[in-house]
Amino acid sequence: MAITVTLDVNAKQPVTVNPNPFDVTSKGVSQITWAPATGQTFTFVSLSFGPNAMSFGPPNVSKTAISVSDTNPNTSPVTSYPYTIVVSLNGVNYSSEASGVMGTGGTPMIRNH
């Protein structure tokens, strides 16, 4: 299952992901992929996790997708891994981070359990 990414250049938080959070339920090595939602024409720029995301390999970034390996050593409790994804359209980069003080939509995250 892929995480779909949507860009709305007019939104306060222009880049959103679905599902959010993305629950990783299987143990062992797996692959997580981010792909554009239907009808989206942006290119991927980067994916970065916070400092506690040691269970993820380095992102493999192409123009049409991003993927990471998830070794998911966590067995309990549920752990959340916030991340930021950046896409580009017409030479302008857009981020999933909320803009301004009252950003909406929340930080994208992956939950291992």
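I looked up I3 and found that its bridge partner in β4 is W34. This is a predicted model, where local features need pLDDT of at least 70 and side-chain atom pairs count only at pLDDT 80 or more, while totals for chains, interfaces and linings use all residues. Residues are numbered from 1 along each chain as its sequence is written, and side-chain values use heavy atoms, without hydrogens and water.

Next I checked the strands around that bridge. β1 (residues 2–7) and β4 (residues 30–36) pair in the parallel sense over four bridges; strands count as paired if DSSP finds at least two bridges between them. I traced an open sheet of five strands in the order β2-β1-β4-β7-β6, with mixed pairing. Its edge strands are β2 (15–18) and β6 (60–61), each pairing on one side only.

I then noted the overall make-up: zero helices and ten strands. Helices (H or I, at least four residues) and strands (E, at least two) are DSSP runs, numbered from the N terminus.

Is S55 buried or exposed? S55 counts as buried because its relative accessibility is 6%; buried means under 20%, exposed over 50%, partly exposed in between (1.4 Å probe, protein chains only). S55 lies in the loop between β5 (43–49) and β6. I put its C-alpha atom 9.7 Å from that of Y81, 26 residues apart along the chain.

Last, I looked at confidence. Mean pLDDT (the predictor's confidence in each residue, from 0 to 100) is 83, and 80% of residues reach 70 or more. Over residues 99–105 pLDDT stays under 50. Where pLDDT is low, the predicted coordinates should not be read in detail.

Methods
Contact = heavy atoms within 4.5 Å.
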